[in-house]
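Hi,

Here is the structure I promised to pass on.

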Amino acid sequence: MSQSLHRALTILAQLGEDSKTLDQLATRLGVHKSTVLRLLQTMESERFVTHDAEHRYRLGSRLFELANRSLEGRDVRTAARPHLTALNAETGQTIHLATYESGEAIYIDKLDATQSVRMYSRIGRPAPLHCTAVGKVLVSAQPRGLWREIAEGIEYRPFTDRTIRTPEQYLTELELVAAQGFAEDHEEHESFVNCVAVPIRNGTGAVVAALSMSVPDMLLDHDQVLGLLPRVRAAADAVSTELGWSPSADRLG
């Protein structure tokens, strides 16, 4: 990555947190103010940044346009939203939608439980591949020839006592997910939380997302969460149908 591009991206990341002065940005980048000013002037001419009368810089309208286009372009998110909403209303539980991007499972939508319990996850935040149900579904949908490479590239952070710790354990889990057509997170990412996830497919049959439901075991135990799997699968199949998938098509595996 070029130095100028890296600096420009760092500026955008900084402004994404809060507005900043020229001095603050120069300090953060560790370069002279004149260097930062030239970057800001270029970015402002393209509406990526703007500044106010007090010369504090903030993100510009061009970024919001691009962000909206990006979200609108996620056909799976648009198609899934009504079905996620219905599943959330029917079960009262936390519902997630995630996609596989650049080697990560990313949450692209979430509906919180109707009870007071809130999950750690957030839209835009990566989901650990080795201990989340959505991560397992999305990786198991990758070509089998890539499984070992992906498994060996994971940092097996032990979130709980149940977290998978090794590539071999993970590969065994992927085989199970591929065979049964769904994945579980049995208190592997967060203690006392169980989760099930299933794939969403497009018209070609490719897995384009994973839909999951997460439930604290103070509300439902592990077997009760598995009992809700047909409802989760029905919602995912409804989204897949809207994306052109045939319900008679084979599931994972």
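**What I found**

Before going on, a word on the source. This is a predicted model, in which local features need pLDDT of at least 70 and side-chain atom pairs count only at pLDDT 80 or more, while totals for chains, interfaces and linings use all residues. Residues are numbered from 1 along each chain as its sequence is written, and side-chain values use heavy atoms, with hydrogens and water left out.

On confidence, pLDDT is the predictor's own score for each residue, from 0 to 100. The chain has a mean of 90, and 92% of its residues reach 70 or more. Confidence is lowest in helix 4 (residues 61–73), with a mean of 72, and highest in helix 6 (residues 133–140), at 98. Helices (H or I, at least four residues) and strands (E, at least two) are DSSP runs, numbered from the N terminus.

Back to Lys110, which lies in strand 5. Is Lys110 buried or exposed? It is buried, because its relative accessible area is 14%; buried means under 20%, exposed over 50%, and partly exposed in between (1.4 Å probe, protein chains only). Across the strands, Lys110 is the bridge partner of His96. Strand 4 and strand 5 (residues 104–111) pair in the antiparallel sense over seven bridges; two strands pair if DSSP finds at least two bridges between them. Their hairpin has two residues between the strands, and Ser102 there takes a positive phi near 50°.

Strand 4 also pairs with strand 9 (residues 207–216), again antiparallel, over five bridges. Here Thr94 stands opposite Ser214. Six of the eight residues of strand 4 (residues 94–101) are buried, so the strand is largely enclosed by the rest of the structure.

Strand 9 holds Ala209, which is buried because its relative accessible area is 0%. Leaving aside residues up to four places away in sequence, Ala209 touches Val76, Leu97, Ala98, Thr99, Leu138, Val198, Pro199 and Ile200. Contact here means heavy atoms within 4.5 Å.

Most residues other than glycine have a negative phi. Arg47 has a positive phi of about 65°, and this residue is found in the loop between helix 3 (33–45) and strand 2 (49–51). Arg47 counts as partly exposed, because its relative accessibility is 36%. His55 has a positive phi of about 60° and lies in the loop between strand 2 and strand 3 (56–59).

Finally, the rings. The structure holds one aromatic pair. Tyr156 and Tyr170 form it in an edge-to-face arrangement, 6.3 Å centre to centre and with 70° between the planes. The pair links distant parts of the chain, 14 residues apart: Tyr156 is in the loop between helix 7 (144–152) and helix 8 (167–180), and Tyr170 is in helix 8. Rings of Phe, Tyr and Trp (its six-membered ring) pair if their centres lie within 6.5 Å; planes under 30 degrees apart count as stacked, over 60 as edge-to-face and the rest as tilted. Tyr156 counts as buried at 13% relative accessibility, and Tyr170 counts as buried at 0%.

Best wishes
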